[in-house]
Amino acid sequence: MSNPFDTRPAIHAEAHKPSGSVFAARSTQEWQQMDAAHHLHPFSDMGSLNKQGSRVITRAEGVYLWDSDGNKIIDGMAGLWCVNVGYGRREIAEVAYKQMMELPFYNTFFKTTHPPIIELSQLLSEVTPAGFEHFFYCNSGSEGNDTVLRIVHQYWASVGKPAKKHIISRKNGYHGSTIAGGSLGGMGYMHEQMPSQVPNIAHIDQPFWFGEGSDLSPAEFGLKCARQLEEKILELGADNVAAFIGEPFQGAGGVIFPPETYWPEIQRICRKYDVLLCADEVIGGFGRTGEWFAHQHFGFEPDTMTLAKGLTSGYVPMGAVAIHKRIAEPLIAGGDFNHGLTYSGHPVAAAVAVANIKLLRDGGIIERVKTETGPYFQKALREALDASPLVGQIDGAGLVAGMQLTEDKASRKRFANGYEIGLKCRDYCFKNNLIMRATGDRMLLSPPLVMNKSEIDELVEKAALCIGLTARELGMV
Ligand SMILES: *Cc1c(COP(=O)(O)O)cnc(C)c1O
């Protein structure tokens, strides 16, 4: 019961007592057959997936998942970067149940509001940095970025500069998978399948020093990448550029942390040319780096923040856009804002978000990531992997890390078939009951923020084991 390394609040220990499943158990094979027959998965090649059969996850507790064969798996990805408070939090489930019984839905369109969304808005204004006092709600990060586009355009229209409509973002950035999210993102493989894209979006290079920095120092390379923004603004004409959007660190692109010089220079350029600075905090928000929001880790001040994932720890879907008052005030003064979703400010999602944020704040979860478990994780990972010839660099802060696989550390040489090597490593993770994601030739970890030190030891040990097995298969050790 009393593990000295368990730094989670005591409530967690008894938070999960399964009270019976919603659905009766079937055999793994039967589930897989039904899944293959009727379910199209996101970002998947369904032909080959159906031949293999999907892994069926049946339950979860704390930082562990169980599959339908009874395997206990340590979740190094917090679901999909979102289950910040860990699985099985009764405090959240009970709030959702109560809210469903009291008011499961009402809209916020026609001069109407309700307590959950009022309380959430108040709470968000407390946990976000000074100046963020207004919040618009949606159901996902993608919708959040669609909303950012709408807000940015409406803002410039309301201050009498409607020509400012071009948005600049980055190659290998990820901003979701709606048409606007996919257009803002810089994923080539997505663009290939999107003949219709949102116009007036331009992409500059990503600040990925290991892969693209050639012989510049990281500091020089950071400035060089940032100055591409200035070149692009001048090319389009500053009077035509509305905003720059970026993830403080790239998540789905491979947990790429930009050099320290990057964000201050981006901010300087945005201010100089009167271009809004939009931070996509969908992964970085709610404690991932040990700060409440990742832009605080990198030291810049955005005009809007896109929020989702950790906002509800994934217990139910919700997204939001936080709007700095320098943007919100002209927007409010500008009259009608013709945008909204049936579920903008959904009461159950709002109640869950409030319970989740209170756990993160009053349960001291984010503070612990900053002062204790984050530094512990970063140090343990480096101690375990610095000697590996396969790992060229580790990016990260708090409880997020990206490990670059390399053919030769000294020259930062990348594998020609890096994608396959990442998948090889991920296969070892599967076999060893570890969830670690592969993005090309980078291995990613982003565990629940409640992970304690002994669980971090297990996570790092397993990650090092799987990377070691990959290195051995490649004949590097
Ligand atoms: C996941 C993600 C999104 C999209 O969020 P969805 O909820 O999947 O629509 C947007 N931006 C970033 C940075 C993300 O990681």
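**Entry 1. The salt bridge**

I began with the pair Lys370 and Glu291, which form a salt bridge whose closest N and O atoms are 2.7 Å apart. The model I am reading is a predicted one. I then asked how many salt bridges the rule finds across the interface of domain 1 and domain 2. The count is one.

**Entry 2. The two domains**

I looked up the domain bounds next. The assignment places domain 1 at residues 92-362 and domain 2 at residues 364-473. By these bounds I place Glu291 in domain 1 and Lys370 in domain 2. For the separation of the two centres, taken over C-alpha atoms, I noted 27 Å.

**Entry 3. Extent of the interface**

I recorded which residues touch: 26 residues of domain 1 are in contact with 26 residues of domain 2. The area buried between the two domains is about 2,100 Å². Carbon and sulfur atoms give 59% of that area. I then asked which residues of domain 1 lose the most area to domain 2. They are Phe210, Val255 and Arg288, and together they account for 37% of what the domain 1 side buries.

**Entry 4. Polar contacts and the make-up of the domain 1 side**

I turned to polar contacts and found 15 residue pairs between domain 1 and domain 2, with both residues at pLDDT 80 or more. On the side of domain 1 that touches domain 2, I noted two helices, α9 (209-212) and α14 (347-362), each supplying at least two residues. The largest share of that side comes from α14, with four residues.

**Entry 5. The ligand site**

Ser140, Gly141, Ser142 and Asn145 are among them.

I then looked up individual atom pairs. Which part of Lys309 lies 2.7 Å from an oxygen atom of the ligand? An N or O atom in the side chain of Lys309 does. For Gly141, a backbone N or O atom is 2.9 Å from an oxygen atom of the ligand. For Tyr174, I noted a polar backbone atom at 3.4 Å from a nitrogen atom of the ligand.

Methods
Residues are numbered from 1 along each chain as its sequence is written. This is a predicted model: local features need pLDDT of at least 70, side-chain atom pairs count only at pLDDT 80 or more; totals for chains, interfaces and linings use all residues. Side-chain values use heavy atoms; hydrogens and water are left out. Domain bounds come from an automatic or database domain assignment. Contact means heavy atoms within 4.5 Å. Buried area is the accessible area (1.4 Å probe) that two parts lose on being put together, summed over both. A salt bridge is a side-chain nitrogen of Lys or Arg within 4 Å of a carboxyl oxygen of Asp or Glu. A polar contact is a pair of N or O atoms within 3.5 Å; within protein, one must be able to donate a hydrogen and the other to accept it, and residues adjacent in sequence count only if both atoms are side-chain atoms. A residue is near a molecule or strand if one of its heavy atoms lies within 4 Å of it.
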